[in-house]
Amino acid sequence: MSVEKFKSRRVVIFIAALIITFCAGFGYSWSILQSAIMQLHPEWAASAIAITYTLQVSLSCLGPIPLSPIITRLSVRGNIIVGGILYGVGLFLCQFATSLPMLYIFYGVCAGLGVAFIYPQMMSYSLKVLPDKGSLASGFMAAAYGSGAVIWAPVANSMIGSLSLSKTFMILGIIYLVCIILFSFLLSDIPAGYVESYQSAAKSDEGPAKKAPKDYTRGEMVKTATCWIMLAGFSLALTSGMLAISQAKGIVENTAGGSLAANAALCVSVITLFNTIGRLVWGTVSTKTGIYNVMIILCAIAAVSMAALAFIPSGVGIVVFLALAASCFGGFATLLTPMTADFFGFKNLTVNFGFMYIAFAVASLIGPRLATSLVKVTGEGEQAVYSYSQAYIVGAVLSVVGVVLAVVIKGLYNKKQKEA
């Protein structure tokens with residue numbers, strides 16, 4: 001496809017990518033599924049069930065690394081078709097899961113690898129489709145991914161209640177399989193010279209736009225200190241939000257009390273909505289204040305949210321600060337793609353972002369485990385009292401370290417710009 005034709009179709013292409021990413025965002029509804037699985041299989045330990053989500057997120061994040069030879073050979077449409085098949089079929093097969101290993105394979109491995117082909121591809125693709133929109137394009141794509149749970153969580157909860165968990169997996173698996181493959185046919189590979197045409201045309205009031213960054217291969221990127229500092233910074237920054245999103249339903253049910261606990265599913269929708277709002281709001285704010293300043297701000301807000309939760313025994317404050325932490329998580333999701341492009345270029349962005357996406361895997365390993373391992377339970381049955389204070393304090397400390405690393409990353413970027 002020619003550059004001019006691609007430009008004329010880029011809005012349609014971007015919308016198709018948004019819909020595909022929206023379907024792949026069902027994973028953020030995990031807390032709804034976990035509660036249903038625990039009710040269906042009370043003999044399974046909560047921590048063992050939580051491994052399913054950790055496995056799914058870890059493979060979706062780490063998968064692009066070993067899969068990079070396949071990802072780079074396939075067209076963008078080919079990647080999405082493969083991902084859609086793995087994702088849809090994985091969820092469909094979950095209806096037959098009668099043991100934890102089966103659940104791990106179908107939801108964790110199969111669906112997780114499906115997302116590995118879809119989400120990193122769509123995040124880097126969005127920045128290339130709208131290279132003149134920068135973090136705003138990344139913000140909308142990240143919002144589509146996060147908003148999946150806002151819609152899918154109440155839908156899944158309703159389906160589980162009226163049908164069953166197995167039928168919910170079956171129906172949603174079919175829906176995602178069909179939608180992802182269908183909209184993949186509206187995607188096209190980025191034509192040579194397209195991104196460069198916007199870079200060369202970009203002007204500011206002060207003169208020409210900044211010089212395009214050097215294009216690093218993944219091998220060159222991992223040899224830089226910047227790569228590992230970014231990876232550490234985002235891993236720590238994302239942990240608090242991952243804790244809030246993945247364990248929202250259990251935390252609200254166990255600690256909020258009253259009508260909030262009785263309507264935990266609705267609270268989960270509110271919390272995941274803030275994850276989506278954070279992607280849109282912070283993506284927009286970053287176009288004005290800069291993505292590096294926003295990262296520092298978000299780390300500070302996440303630290304305050306976790307610290308506040310440690311001292312709130314019950315009530316609406318729990319939902320408020322979980323939602324605030326979730327909004328920070330959403331904000332971080334909009335920053336990683338443009339930062340990777342800033343430091344390592346556009347040419348190999350899909351593969352490079354796939355590597356940097358490891359940060360989400362690290363956060364998925366730490367966040368849920370903090371909640372399930374550090375929770376304190378006193379009493380039994382209906383008299384049981386839950387406390388997640390230790391988990392919140394650890395989350396706050398990690399976010400503070402994230403602030404420090406965010407400042408370092410900003411300094412590295414400023415130094416890079418001076419040397420350009």
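Does S184 count as buried or exposed, and at what relative accessibility? At 0% relative accessibility, S184 counts as buried (buried is under 20% relative accessible area, exposed over 50% and partly exposed in between, with a 1.4 Å probe and protein chains only). Before going on, a word on the model: it is predicted, so local features need pLDDT of at least 70 and side-chain atom pairs count only at pLDDT 80 or more, while totals for chains, interfaces and linings use all residues. Residues are numbered from 1 along each chain as its sequence is written, and side-chain values use heavy atoms, with hydrogens and water left out.

Back to S184, which is found in helix α8, residues 165-184 (helices are DSSP runs of H or I with at least four residues, strands are runs of E with at least two, and both are numbered from the N terminus). A polar atom of the S184 side chain lies 2.6 Å from the backbone oxygen of I181. Setting aside neighbours within four places in sequence, S184 is in contact with I20, R77, I80 and I81, where contact means heavy atoms within 4.5 Å.

Now look at helix α1. R10 lies there, and at 12% relative accessibility R10 counts as buried. A polar atom of the R10 side chain sits 3.4 Å from the backbone oxygen of V129. Not counting residues up to four places away in sequence, R10 touches V129, L130, P131, D132, K133, Y194 and Y198.

Y194 also turns up among the aromatics. The structure holds 21 aromatic pairs (rings of Phe, Tyr and Trp, the last by its six-membered ring, pair if their centres lie within 6.5 Å; planes under 30 degrees apart are stacked, over 60 edge-to-face, and the rest tilted). The ring centres of F6 and Y194 are 4.7 Å apart and the planes meet at 70 degrees, so this pair is edge-to-face. It links distant parts of the chain, with F6 in helix α1 (residues 3-24) and Y194 in helix α9, 188 residues apart. Both F6 and Y194 are buried. Elsewhere, Y119, Y145, F329, F353, Y357 and F360 form one aromatic cluster.

Helix α2 (residues 30-40) is largely enclosed by the rest of the structure, because eight of its eleven residues are buried. Those buried residues are W30, S31, I32, L33, Q34, S35, A36 and I37.

On a 1 Å grid over the protein atoms alone, a cavity is a set of points where a 1.4 Å probe fits but cannot get out, whereas a pocket is an open set with protein on both sides within 12 Å along at least five of seven lines; lining residues have an atom within 4 Å of a point. The largest cavity has a volume of about 90 Å³, and of its 14 lining residues, Y28, Y53, V57, Y145 and Y357 lie nearest the centre. Helix α3 (residues 46-62) gives the most to this lining, with five residues.

The second largest pocket has a volume of about 600 Å³. Of its 31 lining residues, K128, I190, F346, K347 and N348 are the closest to its centre. Helices α4 (68-73), α5 (76-93), α6 (100-129), α9 (194-201) and α17 (349-356) each supply at least two residues of that lining.

Methods
Grid points are joined across faces, edges and corners, and a volume is the space filled by probe spheres set on the points. A polar contact is a pair of N or O atoms within 3.5 Å; within protein, one must be able to donate a hydrogen and the other to accept it, and residues adjacent in sequence count only if both atoms are side-chain atoms.
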